[in-house]
Amino acid sequence: MAELAALEDPRAREVNERHGDDHGVNLTKLRAVAKRLKTQQDLAGKLWETRDTAARLLAILICRPKAFERDELDSMLREARTPKVHDWLVNYVVKKNPHAEELRLAWSADPDPVVASAGWALTTERVAKKPDGLDLAGLLDIIEAKMSDAPDRLQWAMNHCLAQIGIEHAEHRTRAVDIGERLEVLKTYPTSPNCTSPYAPSWIAEMVRRQHHR
């Protein structure tokens with residue numbers, strides 16, 4: 001904890017806090033600490049228990065993703081209220097855990113929109129990598145009905161799923177683009193030069209263009 005405190009950078013904290021993250025540790029330096037520590041499941045558990053955001057990010061980097069039970073991950077996700085901890089927990093731990101599909105189904109139906117956003121993130125992963133068994137048309141129905149009014153983080157996750165369906169599945173592409181155009185979610189989102197807009201029709205068009213140029 002003392003080492004993490006020494007890595008605190010007031011400017012990094014200022015930038016992070018604009019995005020809802022309450023830490024000021026440079027993530028490159030944090031990854032260097034994790035690389036030195038290697039995998040340490042017990043230490044990861046103790047770091048998580050501190051409730052400190054930087055410590056929890058380090059815990060995620062040094063834990064053993066397959067070692068967690070389903071209920072442990074469920075509790076951890078519900079405690080992970082800052083966007084970076086939530087995002088890393090889903091992407092670096094839950095996706096590699098044998099309970100990922102069970103959690104995807106449970107979280108997608110959760111009344112808490114932040115928890116539901118994790119379910120949608122896991123669904124997006126399946127859309128891209130293991131679509132067999134997914135009802136893609138049904139997912140588009142839900143997105144069409146609910147994305148416009150969804151809270152920010154849930155809306156972002158549903159929009160990502162919409163774009164992924166359009167990018168990966170040509171038979172659903174026209175409908176995905178049409179939904180994006182009608183709902184106009186994230187259409188005016190500020191995007192840096194050379195970055196792809198999160199507006200689904202633009203995102204789909206750009207990624208499909210890149211696929212054709214490979």
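Is Arg209 buried, partly exposed or exposed? Select Arg209 to find out: at 41% relative accessibility, Arg209 counts as partly exposed (buried means under 20% relative accessible area, exposed over 50%, partly exposed in between, with a 1.4 Å probe and protein chains only).

Before moving on, a word about the model. This is a predicted model, where local features need pLDDT of at least 70 and side-chain atom pairs count only at pLDDT 80 or more, while totals for chains, interfaces and linings use all residues. Residues are numbered from 1 along each chain as its sequence is written, and side-chain values use heavy atoms, with hydrogens and water left out.

**Stop 1: salt bridges**

Side chains of opposite charge can pair when their charged atoms come close. Here a salt bridge is a side-chain nitrogen of Lys or Arg within 4 Å of a carboxyl oxygen of Asp or Glu, and the count comes to 22 salt bridges.

Helices are DSSP runs (H or I, at least four residues), numbered from the N terminus.

Next, pick Arg104 and Glu101, whose closest N and O atoms are 2.8 Å apart in a salt bridge. This pair sits in helix 8 (residues 100–108). Arg104 is buried at 8%, whereas Glu101 is partly exposed at 31%.

Now select Glu144 and Arg182, a salt bridge with its closest N and O atoms 2.5 Å apart. Glu144 lies in helix 10 (residues 136–146) and Arg182 in helix 12 (residues 170–183), so the pair ties together parts that are 38 residues apart in sequence.

**Stop 2: the largest pocket**

Select Pro83, Lys84, Asp87, Arg153 and Trp156, which lie nearest the centre of the largest pocket among its 32 lining residues. Helix 2 (10–18), helix 7 (83–93), helix 9 (113–129) and helix 11 (152–168) each give two or more residues to this lining. On a 1 Å grid over the protein atoms alone, a pocket is an open set of points with protein on both sides within 12 Å along at least five of seven lines, and lining residues have an atom within 4 Å of a point.

**Stop 3: Asn16**

Finally, find Asn16 in helix 2. Asn16 is buried, at 17% relative accessibility. Leaving aside neighbours within four places in sequence, Asn16 is in contact (heavy atoms within 4.5 Å) with Asp21, His23 and Gly24.

Definitions and conventions: 1 Å grid on protein atoms, 1.4 Å probe; cavity = no way out; pocket = protein on both sides within 12 Å on 5 of 7 lines; lining within 4 Å.
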